[in-house]
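Here is a short report for a reader new to this structure. It covers charged contacts, aromatic rings, a helix and a surface patch.

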Amino acid sequence: MDIGELLSYKPEQTPKRKADDDEPEPDDAEPPTPERPSKLKKTSHNPESSSLSDIISREESFRSPGQAEIEKLNIMRYVENEAADVDILNEAGLRKLVLIFEKRVLKNQEMRIKFSENPEKFMETELELHEVLQQLQSIATVPDLYPLFVELNAVPSLLELLSHPNTDISVTVCDLLQELTDVDILHESIEGAEVLIEALRKQQICALLVQNLDRLDETEKEESKGVHDTLAVFENLMEIKMEVCVEAANQGLMQWLLKRLKAKLPFEANKLYCSEILSILIQDSKENRLLLGSLDGIDVLLQQLAVYKRHDPATVEESEFMENLFNSICSALMAAENREKFLKGEGLQLMNLMLREKKLSRNGSLKVLDYAMSGPDGKDNCNKFVEILGLRTIFPLFMKTPKRNKKRLLGMDEYEEHVCSIIASMLRNCKSAQRQRLLAKFSESDFEKVERLMEFHLKYLNKVEAIDEKLEQEDADDPDANYLTRLSGGLFTLQLVDYIILEVCATNDAVKQRILRILNMRGQEMNVIRQVMREYAGNLGDAGDKEWRDQEEAHIIQLVDRF
């Protein structure tokens with residue numbers, strides 16, 4: 001095909017589009033007919049045949065959507081930045097927000113009084129009040145504004161809503177308080193936290209929260225969440241101000257927690273949270289421990305634990321719940337008055353059964369027995385434990401420390417510490433017939449318990465010597481800190497073991513001879529035991545009163561001298 005034919009083809013293509021009904025002349029149409037289809041294919045598919053203007057227009061058509069997309073993204077970023085700037089609360093914004101809040105509270109009160117028999121009339125005002133309460137959560141993002149929030153007298157108005165007839169409003173307030181008192185947020189502004197917490201305490205927040213708890217129905221999902229939020233508020237306040245523990249307990253929280261634990265409801269998150277809050281309340285407060293005892297709290301805790309006598313908890317959360325109950329009893333037993341209640345409530349019998357059943361509850365029961373029988377206030381419990389045949393339970397554990405099995409048991413060292421502490425407490429507190437029964441155990445079965453006792457002595461002596469060597473290498477200068485490190489490293493258990501050795505040797509020469517023979521076989525000396533016990537006598541801690549400590553120190557020194 002030559003150039004002439006190509007030129008003759010192009011002019012024909014244009015008129016043909018405008019007048020499709022025109023018939024071509026025979027002379028002109030015949031020659032190009034066989035070639036036309038191939039030419040059209042090439043024109044439509046080969047880019048090299050496009051004109052410059054077509055190429056430019058095509059590039060513009062591809063470029064325009066991209067430019068539009070870029071401009072759209074830029075606009076979106078600008079809008080987002082502007083929105084973020086607006087969301088940051090400042091003093092003016094807080095004043096405006098509090099003013100709106102106060103107006104809506106007042107409007108809702110007026111409408112409720114005016115249309116008390118027609119809820120539809122005041123429902124809109126409650127929706128508006130609910131909306132502004134949610135908006136107030138933005139204050140939690142700027143804790144530096146807490147002093148201004150208190151200065152604007154918003155706290156009393158907010159806490160008044162805890163007694164609002166509509167529980168949806170009070171639940172929303174609980175959620176807001178939980179956000180405002182979040183510990184992480186309060187730590188961002190210590191000054192703001194102090195001002196807010198003092199304002200809340202001044203308005204009796206604990207009593208108001210407990211009153212609201214009494215009317216919430218946990219079978220309703222939203223109200224159940226309100227209970228959880230309320231407990232979170234208590235936890236936040238107690239973590240920042242320990243004084244709140246006593247205030248909250250005295251203003252009804254302790255009583256409500258015990259009532260909630262007794263409630264026959266399926267185990268769920270709120271029951272677990274109640275056990276945690278109760279444990280916190282009595283952990284460091286003697287006043288709260290006594291209050292727990294006066295409210296029959298010991299019986300409540302024992303009743304809740306009795307479920308796990310023969311059955312393990314079904315879930316990890318329920319295991320945590322059981323552990324919290326055991327910790328609460330241990331804390332409560334630090335008050336002498338509660339040990340008598342524990343004894344009368346047959347707590348010893350329950351703990352003894354738990355040890356025999358070999359369930360997960362064995363861990364906590366061993367720890368509880370240790371607390372119940374230690375010190376001068378544990379005399380009655382020690383004698384009662386021997387009477388209920390507790391020696392048949394504790395000495396098999398003494399002879400063979402159970403291995404860990406699926407996290408069922410304590411660590412071996414902690415387990416042995418509790419067992420030795422219980423035996424040492426019985427030797428210290430048991431009198432007459434009960435003491436004789438206890439001492440006789442060490443002479444049984446060819447002195448096997450004496451052999452086991454010396455195993456413990458050598459094991460924990462090696463641990464303490466390793467700790468001493470490490471402290472010497474570190475050149476630690478603080479005697480008190482060093483002593484605490486040695487105690488946690490095995491010295492405390494070694495002291496308990498050596499105390500048992502001295503008590504048993506003082507009444508049985510055959511046992512003493514067996515101990516001396518074991519020491520000679522192992523290349524050990526009696527002076528090591530004497531040194532350990534003299535150090536123990538000089539560091540009896542604050543157990544009992546001064547008179548008891550003086551008597552105990554004199555008794556230990558006498559045992560050392562006789563040994």
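Glu198 and Arg201 form a salt bridge, with their closest N and O atoms 3.1 Å apart. Both residues sit in helix α11, which spans residues 190-202. They are 3 residues apart, about one turn of the helix. Glu198 is partly exposed, at 35% relative accessibility. Arg201 counts as buried, at 18%. Since the model is predicted, side-chain atom pairs count only at pLDDT 80 or more.

This pair belongs to a network of salt bridges, which links Glu194, Glu198, Arg201, Lys241 and Glu247. The count of salt bridges comes to 25.

Glu535 lies in helix α30 (residues 526-537) and Arg486 in helix α28 (residues 479-505). The two are 49 residues apart. Glu535 is partly exposed, with 24% relative accessibility. Arg486 has a relative accessible area of 15%, so this residue is buried under the 20% cut-off.

Next come Asp175 and Lys225, whose side chains meet in a salt bridge at 3.7 Å, N to O. Here 50 residues separate the partners: Asp175 is in helix α9 (residues 167-180), and Lys225 is in helix α13 (residues 221-240). Lys225 is partly exposed, with a relative accessible area of 41%.

| Salt bridge | N to O distance |
|---|---|
| Glu198 and Arg201 | 3.1 Å |
| Asp175 and Lys225 | 3.7 Å |

Now to the aromatic rings. How many aromatic pairs does a search of the whole structure find? There are 4. One of them is Phe395 with Phe442: the ring centres are 5.7 Å apart and the planes stand at 85°, so the pair is edge-to-face. Phe395 lies in helix α24 (residues 391-399). Phe442 lies in the loop between α26 (432-440) and α27. The pair therefore ties together parts that are 47 residues apart in sequence. Phe395 is buried, with a relative accessible area of 3%. Phe442 is buried too, at 0%.

The rings of Phe398 and Phe456 also pair. Their centres are 5.4 Å apart and their planes are at 75°, so this pair is edge-to-face. Phe398 is in helix α24 and Phe456 in helix α27, so the contact ties together parts 58 residues apart in sequence. Phe398 is buried, at 1% relative accessibility. Phe456 is buried, with a relative accessible area of 3%. Phe395, Phe398, Phe442 and Phe456 form one aromatic cluster.

Helix α15 covers residues 253-262. Of its 10 residues, 7 are buried, so the helix is largely enclosed by the rest of the structure. The buried residues are Leu253, Met254, Trp256, Leu257, Leu258, Arg260 and Leu261.

The last topic is the surface. Glu469, Glu472, Glu474, Asp475, Asp477, Asp478 and Asp480 form a negative surface patch. Which helix gives the most to the negative patch? Helix α27 (residues 448-474) does, with 3 residues. Glu469 lies in helix α27. Glu469 is partly exposed, with a relative accessible area of 48%. Helix α27 thus also holds Phe456, the partner of Phe398.

Terms used
Residues are numbered from 1 along each chain as its sequence is written. This is a predicted model: local features need pLDDT of at least 70, side-chain atom pairs count only at pLDDT 80 or more; totals for chains, interfaces and linings use all residues. Side-chain values use heavy atoms; hydrogens and water are left out. Patches are made of residues with over 30% relative accessible area and no salt bridge: like charges are joined within 9 Å, nonpolar side chains (Val, Leu, Ile, Met, Phe, Trp, Tyr) within 5 Å. Accessible areas come from the Shrake-Rupley method with a 1.4 Å probe; for residues, only the protein chains shown count as cover. A salt bridge is a side-chain nitrogen of Lys or Arg within 4 Å of a carboxyl oxygen of Asp or Glu. Lys and Arg count as positive and Asp and Glu as negative; His and the chain ends are not counted. The place of a charge is taken as NZ of Lys, CZ of Arg, CG of Asp or CD of Glu. Helices (H or I, at least four residues) and strands (E, at least two) are DSSP runs, numbered from the N terminus. Buried means under 20% relative accessible area, exposed over 50%, partly exposed in between (1.4 Å probe, protein chains only). Rings of Phe, Tyr and Trp (its six-membered ring) pair if their centres lie within 6.5 Å; planes under 30 degrees apart count as stacked, over 60 as edge-to-face and the rest as tilted.
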